[in-house]
Each structure stands twice: as C-alpha cells, then as structure tokens.
Amino acid sequence: HYNLKGKDFLQLSDFSSEEILYLLETAQELKTLQKQGTPHPFLSGKVLGMIFEKSSTRTRVSFEVGMLQLGGHAIFLSTKDIQLGRGESISDTAKVLSRYVDGLMIRTFSHESVEEFANYATVPVINGLTDLQHPTQVLADLLTILEHKGKLAGLKLCYIGDGNNNMAHSLIEGAVKVGMDISVASPVGYMPNEIIVANAKKAAKGTAVTITNDPVEAIKGADVVVTDVWTSMGQEEETAKRLKDFQSFQVNEELCKQAKNDYIFLHCLPAHRGEEVTSKIIDGPHSVVFDEAENRLHAQKAILKILLAK
Ligand code: CP
Ligand code: NVA
C-alpha cells in the first residue's frame, strides 16, 4: 500500500508521516526477527554499492551487515580508489554502477552531488550523509525514541549545538513528520538552514518548531536531548574558532536540569567528551547512545527492504 519501491532516500521531507511510521514499523519487525535468530533473506542476491568520500564507522558497518542479514551483499567503494576520485563524472559513475548493483548508498560533502547521482542512477540512491542531511541516522534516532518512550507524537525534542549541520536539519524534518515539538538552540552564525526551517514549519501539523540562541529556553521540558559535534567532517580548519563560539552550548548536568526528569540523551557519534557533551551525560543514566547506534542497523534494513524490494 505504500509505493516506496524504487524510490530514493535523500531526505526525510520527501516522505509522508505515514511512510516514516511504516519504515519504523518495518524496522521493529526486522529487529525482532534478528533478535530471535530467524533468517530474513528478503534481498537474496541483491547488491548495494556504497560510495564513501568521508570516514565512517557506523554507517559503513551497519549497511554492510544489514545487506548480509537480508541475504544480499554490499560493496565498499572509497572515492580514493574508484575513478570518481580521479575526476570521472557523477553521471557516468551513476549510470555504470546502476548496471551492476540494485541500490547505491553515498556519503559525500555536497548534497547536490547526491541529488545529481540520484538523477542519473536507475536504482534507488540512499543518502549516507551529506553536509546538509543525515536522514538514515535520524530514522534510527526516531526508532530509539519510540522504543524508550513508547510513542513519538506529543514529545518534545531539543537539539543543542550546530544548527547548520546535517543532524540538526534531518532532526527538524523528522520531528515534524512524527508530531514532535522541536527546539534548536545554536550560537549566532550557526543557525539552521532557513529554507529547511520554513518548510518544516509548513509541514508541521500543529507542533512547534522553535529556533533560538538560548539553550536554557530550548531544553525546558524536553523529553529528548540531542547534540552533535561542533566541528563536522570537512570543517576541521575552523575547529579553534568553533570551540570558542560553542562554549556556552555544552550539554552538561547543569543544563539538563531543565529537561524532564526522565529525558533521554541521544548523540549520533562520534562524540567529543568535554566539548559538546560531558562524560557525566553521555556515559550517564539518561544516555541511550549505544541503542541509537545499534538502531542504525535495524532502521537501514527497513529502508533497504522497502526500497530494494523484489
Ligand atoms: N553516526 C554516524 O553516521 O557515524 P559514522 O560516521 O561512524 O558512520
Ligand atoms: N555532523 C557530523 C555527523 C557525523 C556522523 C559530521 O558531519 O561530521
């Protein structure tokens, strides 16, 4: 009943609320099958190509393991090794790889590159992170929140830190789809993309999208507290300036007193303890970051099963 077969997975705003809930339901079913040890080779004989222009631990391993558990196979393609890194065009690469594989995952810098790739590929393209969006991570985050809170609609999610990064943008898009209030607190100069915020406000069905420079205001009454690194991949030369600019946006015990007593803490990882979050928080009783990391596997298997369906 959902026509997602053959679709790309580039950003959460491309999907309806019902489609996102369906992906989450499928992820829960696949997680149960895997935990029971029941084989579930829905994609036997299918191959996923995975192009990486940036480093990865979780995304690479969870996609690779996920394809294997679904009865298929994944091929890791570093741009250091394939001809794309020597200047072969995106369009030729997409057309050629589409002749071999059943789906493509790409992690790169520019979001436009992934869109161009999807234009020329004749198989589904999955965004494995761009500078603008990290949708597979946020699908796993929603699954984690659902598991720990038993619901999504009616919760308040608060994101503290770099508002102009992939995690902030995908969280904004995801929250409005599932009926969560979202508040984002970022320093001046690091506010979220205005088009993404405007579109999210339009997509929200009666829930609040609050963008502020005040972390205390943002975190008040939050059920879910999220942060991310202050310096994302590709921004390394700005590290010193960012360390200064983000000083008052650390997620620590003092700030988290403003959240609900039973708040959960999420971080997509990798984390920098002592910078965006203290060890007391990320290694403390409210943190669910390893469930969150595990859920990359289950959420992505749902995406793969549905998009690459036979
Ligand atoms: N969270 C995440 O995407 O991790 P990796 O960079 O290790 O894939
Ligand atoms: N915002 C981070 C996320 C890493 C998974 C980055 O882009 O480096």
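## Strand pairing and the sheet

V226 stands opposite L266, a residue of β9. This is a predicted model. Strand β8, residues 224-227, pairs with β9 in the parallel sense, and four bridges join the two.

Both strands belong to an open sheet of five strands, ordered β7-β6-β5-β8-β9, with parallel pairing. At its edges lie β7 (209-212) and β9 (264-267), each of which pairs on one side only. From one strand to the next, the twist averages 20°. Strands of a sheet pair through backbone hydrogen bonds, in either a parallel or an antiparallel arrangement.

## Packing of helices α1 and α5

Two packed helices are described by the angle between their axes and by the distance between the axes. For helix α1 (residues 17-36) and helix α5 (residues 135-149), the axes come within 10 Å and cross at roughly 70°. Angles of 65 to 115 degrees count as roughly perpendicular, and α1 and α5 are therefore roughly perpendicular to each other. The crossing in which α1 passes α5 is right-handed.

On the α1 side the contact is made by L23, L24 and A27, and on the α5 side by L139, L142, L143 and L146. By class, this contact of α1 with α5 has seven nonpolar residues, with no polar and no charged ones.

The residues around ligand 2 are L129, N165, N166, M167, D228, V229, S232, M233 and C268. Sorted by class, the shell around ligand 2 has five nonpolar residues, three polar residues and one charged residue.

Note on methods
Residues are numbered from 1 along each chain as its sequence is written. Chains are lettered from A and ligands numbered from 1 in the order in which they are written. This is a predicted model: local features need pLDDT of at least 70, side-chain atom pairs count only at pLDDT 80 or more; totals for chains, interfaces and linings use all residues. Axes are lines fitted to C-alpha atoms, for helices over the stretch in contact, and angles run from 0 to 180 degrees between N-to-C directions. Angles under 35 degrees count as roughly parallel, over 145 as roughly antiparallel, 65 to 115 as roughly perpendicular and the rest as oblique. A crossing is left-handed if the near helix is turned anticlockwise from the far one by less than a right angle, and right-handed if clockwise. Two residues are in contact if their C-beta atoms, placed from the backbone, lie within 7 Å. Ala, Val, Leu, Ile, Met, Phe, Trp, Tyr, Cys and Pro count as nonpolar, Asp, Glu, Lys and Arg as charged, and the others, Gly among them, as polar. A residue is near a molecule or strand if its C-beta atom, placed from the backbone, lies within 6 Å of it. Two strands pair if DSSP finds at least two bridges between them.
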